Amino acid sequence: MREQLKTAVILVNLGTPDKPEAGAVRRYLNEFLSDSRVVEGKGPRRLLWLAVLKGIILNVRPRRVAKAYASIWEDDSPMRKVLNQQVSELILVLQERFGDKAPEVYSAMTYGQPGLSALLEDLKQQDYKRLLILPLYPQYSATTTAPIYDQIARFQLKQREVLDIRILKSYYNHPSYVKALADSVRAFREEHGGTDKLLLSYHGIPKEYADKGDPYPQQCHRTSELLAQELGLSDNAWMTTFQSRFGPAEWLQPYTDKTLEKLPQQGTHKVQMISPAFSADCLETLEEIAIENREVFLNAGGSEYAYIPALNAAPAFIQLLSELVAEQAGDWLLER
């Protein structure tokens, strides 16, 4: 019988400040926006960006962002609370599925706490040999998933004997993911009724990044198409938009807020919003989509606006995660 090597699953999300306070937000934004994957540029362009970041953005933006976080904060950040719940629920499902061979499950953030790099070091000290990394981004982007690869590469560079690490790159078209999204829409409509149009709003990236080959927009559109097919929606009953743009450069279009401004004049007075790129509700969904964009739509003449929550720790999403573990690491867990 072969030795059962210590195996762990790590769920990774983007990150969040430690507190809804300007100082904590400043530290988080500094780490996040200093990453050259997030804001690209080399040479003078890079130096100019860092000067703007340190000299202007980190002196102006944290107070306003902290206020937005405070509006959705309870005893912790919503993203971190959901991530911890996802870990707890996945542990139970994996124990049912794999019994005493079930892996341990940990949470990590690319930026902020609990940090991925520190967790990797800790797991190595605990003699873990095999790690499955599950980025909680259904659609791959160099701005979100790639920084996880970067941190793991930097960790492995320091090891004499590297760990056996597998990373799930994306799951934007996984049947169980699409079905989980569809079931969430169906359940919401059973309780709240239908609508004129379903908007699928994804976090945007600069158009320049897509032009250079980032596959993110194509994967977003494919998720939308599969979801619309699963729900049996006609072409005019849904559309894909992109939110959360930052700075003066052109980002992926159509923009969510600009679309909401136009829809009432085009005869759409009731909308439901869903953000399929987010596996956990966070600032961009609870404040930007659920509050800010609601005001945009109603002020433009809309009559009904509703946000369909992220999958969070819904049983269907936890089941998807367990399937991904089985698909990506089943050979580790079932070997004898």
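The model described here is predicted. The residues of H10 that count as buried are Leu283, Thr285, Glu287, Glu288, Ile289, Asn293 and Phe297.

Helix H10 spans residues 283–299 and contains a kink of about 30°, centred on asparagine 293. Asparagine 293 is also one of the buried residues of the helix. Just after H10, glycine 301 adopts a positive phi of about 110°.

Setting aside residues up to four places away in sequence, the contacts of leucine 260 are Leu199, Val271, Met273, Asn293, Val296, Phe297, Ala300 and Tyr305. Among these contacts is Asn293, the residue on which the H10 kink is centred.

A separate distance relates leucine 260 to tyrosine 140: the two residues are 120 positions apart in sequence, and their C-alpha atoms are 26 Å apart in space.

The model has 0 disulfides. Cysteine 220 takes part in no disulfide, and the nearest cysteine sulfur to its own, that of cysteine 282, is 14 Å away. For cysteine 282, the closest cysteine sulfur is that of cysteine 220, and because the separation is 14 Å, it is too far for a bond; the cut-off for a disulfide is a sulfur pair within 2.5 Å.

Are these two cysteines buried or exposed? Cysteine 220 counts as buried because its relative accessibility is 0%. Cysteine 282 is likewise buried, with a relative accessible area of 4%.

## Histidine 174 between S4 and H6

Histidine 174 is located in the loop that connects strand S4 (164–167) and helix H6 (175–192). With a relative accessibility of 11%, histidine 174 counts as buried, since the cut-off for that class is under 20%.

The side chain of histidine 174 reaches the backbone nitrogen of serine 176 at 3.1 Å. When residues up to four places away in sequence are not counted, histidine 174 touches Leu320, Glu323, Leu324 and Glu327.

Note on methods
Residues numbered from 1 in each chain as written. Predicted model: local features only at pLDDT ≥ 70, side-chain atom pairs only at ≥ 80, totals over all residues. Heavy atoms only, no water. Helix = DSSP H or I, 4+ residues; strand = E, 2+ residues; numbered from the N terminus. Buried < 20%, exposed > 50% of the residue type's maximum accessible area, 1.4 Å probe, protein only. Polar contact = N/O pair within 3.5 Å; in protein donor to acceptor, adjacent residues only side chain to side chain. Contact = heavy atoms within 4.5 Å. Bend = angle between axes of the 7 residues up to and from the residue.
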